[in-house]
Amino acid sequence: MFEFTPSEEQQTLIDTARRFAKERITPIAAACDRDAKFPNDVFVAGHELGLVNAVLPTEYGGPGMTDLDLTFITEELAYGCSGIQTSMSANNLALTPIKLGGSDAQKKKYLGWMAKEPIFASYATSEPSAGSDVAGMQCRANKQSDGSYVLTGTKQWITNASFASFYVIFATEDPALRHKGIGAFIVERAFKGVSVGEHEDKLGQRASDTNTVMLDDVHVPADNVLAAPGQGFKLAMETFNQTRPDIGAIACGVMRRCIEECVAYAKERKTFGVPIGQHQMVQSMLADMAVRYEATSLLVRKAAWNLDHGVRNPVVSSYAKVYGADSAMATAVDAVQIFGGNGYTKEYPVEKLMRDAKLLQIYEGTSQVQRMVIAKNMLA
């Protein structure tokens with residue numbers, strides 16, 4: 001049955017994640033943003049509570065939560081800090097292609113490892129010349145006579161690259177083949193030839209570790225081939241279909257934080273002798289914020305519900321991602337406007353929320369790419 005209210009178990013999960021964000025994330029968010037440093041102790045604590053690797057199946061030691069459950073967790077953590085949340089949630093992106101396309105042996109080894117220890121894993125499709133254009137990747141995968149592969153190339157903008165114990169790397173046997181040449185490989189950090197570049201100095205979500213990963217003739221055993229060349233692009237797209245609703249959930253967390261900060265400020269800050277919340281233009285912005293949050297929340301829950309019930313409709317994930325990302329950015333900009341000059345300073349949290357929100361329109365397929373996906377679906 002379709003429900004608009006969380007179950008009792010889901011409400012407990014929400015309460016747990018909300019308390020965790022309040023106690024462990026919000027108090028340190030500004031400092032982590034300033035120093036561009038991820039708090040590993042928070043990750044370990046989140047792993048112990050089951051807030052990391054949420055969708056990792058129970059048969060491999062994971063929490064076995066639904067995609068809908070994950071959106072509730074993500075929203076609460078993003079309310080505290082979307083940068084910290086992104087690094088905490090990135091394991092779900094890395095484990096999804098293994099869950100979808102891995103052999104039983106690969107699942108037991110790598111999903112079991114993630115469940116047993118608070119390790120990081122990274123997902124790597126993007127490259128210096130291939131972000132949203134996944135099919136344009138240049139990283140090469142050369143097959144050897146024993147079924148193994150040798151990978152050469154560079155991956156860029158990889159979340160948790162510095163910390164990862166292994167990576168899911170997408171590479172092509174021939175760039176000219178575009179999507180038909182792409183495969184997927186599980187590459188351990190300990191493999192010879194793997195190295196990580198300098199930490200990216202980002203505009204927002206600064207607490208989340210982002211780096212390049214360099215592959216210099218990295219030998220990948222046949223047992224670590226996740227998808228043979230020609231099958232990797234489909235796996236990458238299906239992974240994004242599974243994880244894009246979670247970007248909408250991040251947007252919900254960012255917007256809810258903006259709304260609560262603005263409502264409190266609008267009741268206290270006075271101009272022309274009255275609280276600014278009594279001015280109609282401020283009220284109009286607050287109302288638009290509320291509508292954007294509610295609409296995004298519904299789109300996110302629908303997309304996650306589809307995934308949980310086997311409804312194959314990837315365009316709904318794009319709806320949630322593009323509307324949520326654009327709404328979060330618009331809401332954060334309005335939040336800075338409501339705070340006025342104070343909003344433009346680091347003394348108040350809304351300037352960070354605006355910087356953090358921008359990335360939602362870029363990663364896992366830009367807002368423009370999402371619109372292309374939606375339009376092609378309409379015209380098909």
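A nonpolar core is a set of buried Ala, Val, Leu, Ile, Met, Phe, Trp, Tyr and Cys residues joined through side-chain atoms within 4.5 Å; buried means under 20% relative accessible area, with a 1.4 Å probe and protein chains only. The model is predicted, so that local features need pLDDT of at least 70 and side-chain atom pairs count only at pLDDT 80 or more, while totals for chains, interfaces and linings use all residues. Residues are numbered from 1 along each chain as its sequence is written, and side-chain values use heavy atoms, with hydrogens and water left out.

**View 1. The largest nonpolar core of the chain.** This core holds 50 residues, of which Ile-25, Ile-84, Met-88 and Phe-166 touch the most other members. Helix α1, residues 8–35, gives the most to this core, with seven residues. Helices here are DSSP runs of H or I with at least four residues, and strands are runs of E with at least two, numbered from the N terminus.

**View 2. The surroundings of Met-88.** Leaving aside residues up to four places away in sequence, Met-88 touches Phe-20, Ile-25, Phe-38, Val-42, Phe-43, Gly-46, Val-52 and Leu-77. Contact means heavy atoms within 4.5 Å.

View 3. In soluble globular proteins, nonpolar side chains tend to be buried together.

View 4. The chain has ten helices and ten strands. Buried residues make up 56% of its 380 residues. Among contacts between residues at least 6 apart in sequence, 74% join residues at least 24 apart.
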